[in-house]
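Please read the following briefing alongside the sequence and the structure.

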Amino acid sequence: MSSQCYTVAMDLSVCQLRNFSISFLSSVLGKESAAVRLDNSSSGASVVAIDNKIEQAMDLVKSHLMYAVREEVEVLKEQIKELIERNTQLEQENKLLKTLASPEQMAQFQAQVQTGSPTSNTQPPLPAGPTPVLPSTQNSGTSA
């Protein structure tokens, strides 16, 4: 930008800030703002023009952020829905397993939970006999 800047430090800083704002807005808003120039004879109009371009840039950033947030909210809503469905399925399976377990198995499980020992290493063999079959509504869920 070829603008006349004063030698006073404060005026120089203001001039540099204006030039930075113009170049920043040119990059953000594209060629439409490239026509914005700093003219010392009409610096009040330039400041207003810069302020307007900054406001437009902020509105653009805000709309992009709102769009991104809305997308993320939709993704999170879908994940919550899937997690609720999975939790419901697991609760139903847990309830069924509790009804099928013998009192001895439940007591042993409660003891393991209280002591914090792993359940997979010390499980007793299942009792001999017919294997319980899950109701058809339980088998229709998605598998993990």
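Ser46, Ile50, Lys53, Ala57, Gln89 and Leu96 of helix 2 are buried, where buried means under 20% relative accessible area with a 1.4 Å probe and protein chains only. This is a predicted model, in which local features need pLDDT of at least 70 and side-chain atom pairs count only at pLDDT 80 or more, while totals for chains, interfaces and linings use all residues. Residues are numbered from 1 along each chain as its sequence is written, and side-chain values use heavy atoms, with hydrogens and water left out.

**Burial overall**
- Of the protein's 144 residues, 13% count as buried.

**Helices**
- The protein has four helices and zero strands, helices being DSSP runs of H or I of at least four residues and strands runs of E of at least two, numbered from the N terminus.
- Helix 2, with 58 residues, reaches 84 Å from its first C-alpha to its last, close to the 86 Å expected at 1.5 Å a residue, the expected span being 1.5 Å times one less than the number of residues.
- After helix 3 (residues 103-115) comes Gly116, whose phi is positive, near 80°.

Terms used:
Buried means under 20% relative accessible area, exposed over 50%, partly exposed in between (1.4 Å probe, protein chains only).
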